[in-house]
Structures are given as structure tokens and as C-alpha cells.
Amino acid sequence: MARWWGREATRGASGTPVVVKMESPEWAISEGTSPPAAGGKAGRGKNARQITFHGFLRAFLLVSVLLLAADAAAHAQGWHLVVPDLLAVEGLFAAAYAAWVRVRLDYLAPGLQFLANACVVLFLIQSADRLILCLGCFWIKLKGIKPVPKGGAGGKGSDDVEAGGEFPMVLVQIPMCNEKEVYQQSIGAVCNLDWPRSNFLVQVLDDSDDAATSALIKEEVEKWQREGVRILYRHRVIRDGYKAGNLKSAMNCSYVKDYEFVVIFDADFQPQADFLKRTVPHFKGNEDVGLVQARWSFVNKDENLLTRLQNINLCFHFEVEQQVNGVFLNFFGFNGTAGVWRIKALEDSGGWMERTTVEDMDIAVRAHLKGWKFLYINDVECQCELPESYEAYRKQQHRWHSGPMQLFRLCFVDIIKSKIGIWKKFNLIFLFFLLRKLILPFYSFTLFCIILPMTMFVPEAELPAWIVCYIPATMSLLNILPAPKSFPFIVPYLLFENTMSVTKFNAMISGLFQLGSAYEWVVTKKSGRSSEGDLVSLVEKQPKQQRVGSAPSLDSLAKEESRPKTNSKKKKHNRIYQKELALSFLLLTAAARSLLSVQGIHFYFLLFQGVSFLVVGLDLIGEQVE
């Protein structure tokens with residue numbers, strides 16, 4: 001049966017993202033926040049397993065409140081001073097509390113301590129991996145190691161350079177879907193790339209189902225065509241496979257055979273003019289290199305606390321993880337954009353597949369199994385946007401953490417059967433998938449959000465202070481080193497990462513067991529915050545002879561900027577996140593219980609972590625939803 005796309009959303013005046021669902025006998029993908037179905041009884045995106053998870057948290061919270069009340073009453077009677085034989089004490093409460101103490105000592109404490117020790121071991125393994133990555137990054141900086149092209153485009157890159165020669169044929173793809181806030185800046189930046197026009201072709205791959213947005217994008221493409229840029233507009237009626245299907249369809253065009261490399265930029269990415277000159281030369285003389293990945297930078301990293309915390313994570317990802325894996329292993333996960341692929345490598349690896357929500361990681365793993373090498377260029381940056389609302393960020397992280405588990409299920413046998421070396425198989429299975437994609441969200445949630453609160457109510461099982469405080473603080477410090485200006489946010493970063501563990505754990509479980517929410521795909525809402533400022537500055541800074549197709553749209557935008565703007569504010573509201581609120585009350589209850597055991601560090605950690613969950617649960621971090 002063929003997969004098909006249909007729309008399941010309403011678009012209001014506030015610009016609510018369109019919801020798109022990809023359906024097949026096996027799975028479905030939705031885009032945007034699902035609205036209630038007719039009658040309000042369905043369409044909430046919840047399945048039985050999600051409801052069970054919510055019920056578990058509520059039950060856990062209720063039991064913790066009851067246990068707190070019981071322990072407080074027991075302490076008031078002085079029963080906490082020793083372990084008394086409560087059978088000698090008369091009363092129903094004394095008998096019930098005695099039974100609870102016996103169950104706690106004989107059954108709960110040993111099992112809980114075993115789980116705590118197991119999570120501690122996983123925590124230490126993951127911390128060791130993080131430390132080794134940091135040491136590898138330090139070694140790279142110390143030795144000045146970085147990819148150097150054996151031969152590059154030595155010409156000036158002007159329009160009069162003849163086709164071929166030092167400038168290979170490059171295909172540039174811009175996939176987009178209903179992203180009217182950013183389409184103009186991305187198309188403008190790509191069309192201004194410093195590369196002979198006869199040697200590169202731009203494909204604008206528009207999957208928008210909003211007619212007005214499609215018309216605007218098509219009009220922008222036609223403007224650049226009139227200015228002599230080789231640019232094509234493609235719009236699919238049957239949007240099969242979402243982004244992977246969009247890219248796959250574009251690669252099936254007959255003219256693709258004339259090109260050697262393909263570059264992908266998502267709709268909010270703005271490459272510098274010299275992007276191709278600094279990336280494509282790395283392929284020359286390296287016939288086994290299939291991918292050159294550039295770094296992301298963020299135009300709105302200082303917009304609010306949420307974007308600052310995201311910036312810390314992604315700076316570590318690019319500066320440490322991608323760079324170390326690229327230098328020492330020649331393999332890393334393709335970031336889906338701001339990368340240059342050798343078309344031969346894509347074809348040899350089977351091309352784009354729609355089987356998961358992480359098509360970028362999918363193609364990277366398959367290319368690695370075929371023996372292709374990857375290069376990461378840390379000093380080539382491409383600007384983009386970070387999600388500014390918690391709702392958008394949460395949906396993005398759900399896809400990023402459920403997709404790898406889907407992929408692991410699908411490619412595990414292929415990894416075992418592949419001809420790559422034992423060490424590469426170990427790296428893929430244990431480090432790339434299990435440790436960094438499964439174990440990390442698993443222990444983060446279970447250790448700090450479940451086991452730690454439980455040890456407050458079962459004090460016979462213990463978590464040492466160095467696990468609760470010192471090692472997490474050290475790991476946070478290592479994470480923040482690539483973004484030293486973010487050092488004042490180290491405490492909020494530590495707390496927020498633990499808060500996000502509930503979303504990442506839920507996503508990981510969904511992907512691993514193929515639950516309904518595993519295939520949820522949300523197009524991240526773009527603010528277009530950088531569009532106007534960047535384009536206007538481009539008009540002001542560029543010499544007239546370099547403005548090539550940008551003049552019509554940019555000049556009009558500059559004039560528009562000079563006009564007085566009407567004050568039309570859109571209404572925003574806070575969402576309520578039930579799981580985060582339930583965990584907040586659970587942790588605060590556990591913090592109150594820790595006072596009875598006089599556990600100082602545990603109390604402060606639980607208190608601040610509970611407040612962090614409360615802030616996120618009330619949607620008080622980042623921009624509110626329009």
C-alpha cells in the first residue's frame with residue numbers, strides 16, 4: 001500500500017502551524033500540534049501507553065504524599081530515632097506503619113538499591129564517554145588538527161569562470177514546508193553563493209499545502225530567475241514521505257546526473273557566500289569522502305533563557321562530539337542540513353528513505369556501512385534559528401530522540417552483517433546508538449526523577465552526594481566549556497537538562513517499542529527574527545554590482561522597514577504540561593521528606609529540580625505559544 005499525505009489541521013489568524021500526517025500500515029507522522037477532533041473526544045494524540053505513563057506519575061505522586069504524611073506522623077511520635085518494635089505499640093496506625101517498615105526493609109530497599117547502583121554504573125560510563133570526548137577535543141585544539149583540502153577552488157569564483165575545471169557541478173536543495181517567515185532569506189543567501197552560476201543549480205523543494213505561502217515562494221524564485229540565477233521551483237501534490245520523500249523526489253530528476261555534489265539547506269539556514277568554496281574543495285583527492293558537514297550558528301541564541309540553554313547543548317555537540325568523531329572516526333551523524341554530499345555516496349547507500357523520522361541519521365549510517373568517510377569542518381558556520389518556545393523545542397527533541405531508536409531497530413542486523421571492522425561496529429552499536437541515544441535519556445530520567453525521590457521514602461536505599469551533586473556539576477561544566485559566555489547559566493542548564501529527561505525518555509521508549517507518538521513529526525515553528533535585519537543589512541553593505549537578484553526584494557524590504565509600523569500584537573498563552581507538573585509536585589514532596597532524614601544536598605537538589613519542573617510545566621520558559 002502506498003503511503004499518502006493528508007492534512008489534518010486548521011489554520012487560524014494567529015498562524016498556527018499546519019498539521020500534516022503521514023500514514024501507512026505501519027506508522028503515521030504528524031506535523032504541528034494536533035487539534036481536537038470533532039466532538040472533542042479524539043485527536044489528542046494520546047494512546048493507551050501514554051495514558052498509562054501519566055497514570056503512573058499521578059499514582060506515584062499520590063503515594064508519595066500519603067507516605068510523607070505517614071512519615072511526618074511517625075516522626076512526631078519519635079519512631080524515627082530507632083527502628084522500634086512497633087508491634088508493641090497499640091493502634092491501627094502503628095500496626096500499619098510497622099508493616100510498611102518491614103516491607104521497606106525486606107523487599108523495597110534491596111531492589112531499589114540494586115536499581116540505583118545499576119543507574120549509577122550507567123551514569124559513570126556515560127560520564128567517562130563525555131570526558132573522553134572532551135579530552136579528544138582538547139587534543140585537537142592542542143595539536144591544531146583540522147581537515148585541510150588537498151586541492152581547492154583556487155580561482156576567484158567569479159561568474160566568468162568556465163564550467164568544469166576547479167569548480168565542480170553542485171546541486172543546492174532547499175526543502176521547505178509552510179515556512180513563509182524564512183523562505184526569502186534562505187533563497188536569497190543561497191542565490192548569492194560565490195560559485196560560477198553555470199556550475200550550480202538551486203532546487204527550491206516546496207512541500208507547502210498553503211496556497212498563499214506557495215505563491216510567495218514561487219514568486220521569489222521567479223525574481224531570481226529573471227536575474228539570471230539557475231533556480232527551479234518544485235512543488236509536490238502528493239507529499240509522500242515528508243522531507244525524505246521530498247529530497248528523494250528531487251534526486252530522481254533527470255538532470256541530477258550532470259551534478260557531482262548536492263548541498264542541503266533547511267529553510268531557516270543562511271550560508272555565507274563562500275560556503276561552497278570552503279567545503280567542496282575537501283572532496284578533491286579524497287574519493288572516499290562522502291560528506292562534508294559544516295557547523296551551525298544561531299542568530300537568536302540570546303533571545304531568551306531557552307535559546308541560551310539550547311545553545312550550550314548544540315555548541316558542545318558541534319565543537320566536541322562532531323569534531324572528535326570526525327577527526328578520529330571519520331563518522332558522525334549527518335545533521336540534515338548545511339552539509340555537502342557526494343551524489344555517488346548517496347546513490348551507493350540507497351538514497352533517501354522514508355522509514356524513520358531521522359532520514360539524515362539513516363543515510364549517514366548506511367553510507368558509513370558502505371565505507372564512506374565523513375569530514376566535519378568546524379570553522380565553516382551556517383546561521384539558523386533555535387526554537388524560541390518550549391512547545392516547539394519539546395516536539396523537536398521528541399523527534400530527535402525517538403528517531404534513533406526506530407533506526408536502531410531497523411539497521412541493527414545490517415550493522416552486524418556489514419563488512420566494516422569490529423571497532424566500527426562497536427562504535428555504532430554501543431557508543432553511537434546505545435550509550436548516547438538510549439542509556440543517556442534512560443538513566444537521566446530514572447535516576448534523578450524516579451529513583452532519587454524513592455530513596456527519600458525508602459531511606460534504607462541511598463544515593464551518595466557525589467552522584468546527586470558533584471559529578472552532574474562536573475559534567476555540566478564540561479558541557480558548557482565550548483560556550484564560555486554561558487557559564488553564568490550552568491545551574492539552570494543542569495536543572496533544565498534533567499527536566500527535559502522526561503521528554504527524551506518518553507521519546508526513546510516510543511521509538512524503541514514503536515509506539516504511536518514515535519512517528520510524530522512537527523515542523524519547528526520559525527520566527528523569521530533574522531530575516532528582515534539580515535536582508536536590510538545586505539542591501540546596505542553590498543556593492544551594487546554584487547546585489548545580483550537581491551535588489552528587487554531587498555530594496556522593497558528596506559523601504560518597508562522605514563515605514564511606521566502599526567502595533568498589532570498577537571495573543572499568546574501559556575500551555576500546561578501535565579507530566580512536568582506531576583514530576584514537579586513529586587520532587588517537591590520528596591524534598592519535604594528529605595528534611596525528615598536531614599539530607600542537605602538531596603533536599604536542595606530536589607527542591608531546585610522541583611521548581612525547574614514547575615517552571616517548565618507552567619510554560620514559563622521561552623516564548624509563549626501564539
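Does E260 count as buried, exposed or partly exposed, and at what relative accessibility? E260 counts as partly exposed because its relative accessibility is 36%, where buried means under 20% relative accessible area, exposed over 50%, and partly exposed in between (1.4 Å probe, protein chains only). The model is predicted, so that local features need pLDDT of at least 70 and side-chain atom pairs count only at pLDDT 80 or more, while totals for chains, interfaces and linings use all residues. Residues are numbered from 1 along each chain as its sequence is written, and side-chain values use heavy atoms, with hydrogens and water left out.The secondary structure of the protein comprises 17 helices and eleven strands; helices (H or I, at least four residues) and strands (E, at least two) are DSSP runs numbered from the N terminus. Of the 626 residues in the protein, 55% are buried. Among contacts with a separation of 6 or more, 78% are between residues 24 or more positions apart, a contact being heavy atoms within 4.5 Å. Helix α5 is mostly covered, with eight of its ten residues buried; the buried residues are Y242, K243, A244, G245, N246, L247, A250 and M251.

Nonpolar cores were defined as sets of buried Ala, Val, Leu, Ile, Met, Phe, Trp, Tyr and Cys residues joined through side-chain atoms within 4.5 Å. The largest such core has 83 residues, and I187, W341, V365 and F433 have the most contacts inside it. Strand β11 (residues 373–384) supplies the largest share of this core, seven residues. A second, separate core of 59 residues includes F60, F448, V468 and L606. When residues up to four places away in sequence are not counted, I187 touches I174, V204, I217, E220, V221, W224 and I231.

Side chains of opposite charge can pair when their charged atoms come close. The structure holds 22 salt bridges, each a side-chain nitrogen of Lys or Arg within 4 Å of a carboxyl oxygen of Asp or Glu. In one of them, R593 pairs with D71, and the closest N and O atoms are 2.7 Å apart. This pair links distant parts of the chain, with R593 in helix α16 (residues 578–596) and D71 in helix α1 (residues 48–76), 522 residues apart. Both R593 and D71 are buried.

E260 forms a salt bridge with R342, for which the closest N and O atoms are 3.8 Å apart. E260 lies in the loop between α5 (242–251) and β7 (261–264), whereas R342 lies in strand β10 (residues 339–342), 82 residues apart. R342 is buried, with a relative accessible area of 4%. A further salt bridge joins R295 to E319, the closest N and O atoms being 2.4 Å apart. Because R295 belongs to strand β9 (residues 289–298) and E319 to helix α7 (residues 305–329), the pair ties together parts that are 24 residues apart in sequence. Both R295 and E319 are buried, and salt bridges that share partners join K141, R295 and E319 into one network.

The structure also holds 28 aromatic pairs. Rings of Phe, Tyr and Trp (its six-membered ring) pair if their centres lie within 6.5 Å, with planes under 30 degrees apart counted as stacked, over 60 as edge-to-face and the rest as tilted. F331 and F374 form a tilted pair, at 5.8 Å centre to centre and 40° between the planes. F331 is in the loop between α7 and β10 and F374 in strand β11, 43 residues apart. F331 is buried, with a relative accessible area of 2%, and F374 is buried, with a value of 0%. The pair of F334 and W341 is edge-to-face because the ring centres are 5.6 Å apart and the planes stand at 90°. Both F334 and W341 are buried.

The UniProt record (unreviewed entry) places the feature "transmembrane region" at residues 51–69, 81–100, 428–457, 463–481 and 576–595; UniProt positions are given in the numbering used here, feature names are shortened, and annotations may be inferred rather than shown by experiment. Over residues 428–457 the chain is 100% helix and 0% strand, with the end C-alpha atoms 39 Å apart. Over residues 576–595 the chain is 90% helix and 0% strand, with the end C-alpha atoms 29 Å apart. K437 lies over the face of F432, at 4.2 Å from the ring centre; a charge sits over a ring if NZ of Lys or CZ of Arg is within 6 Å of the ring centre and within 35 degrees of the ring normal.
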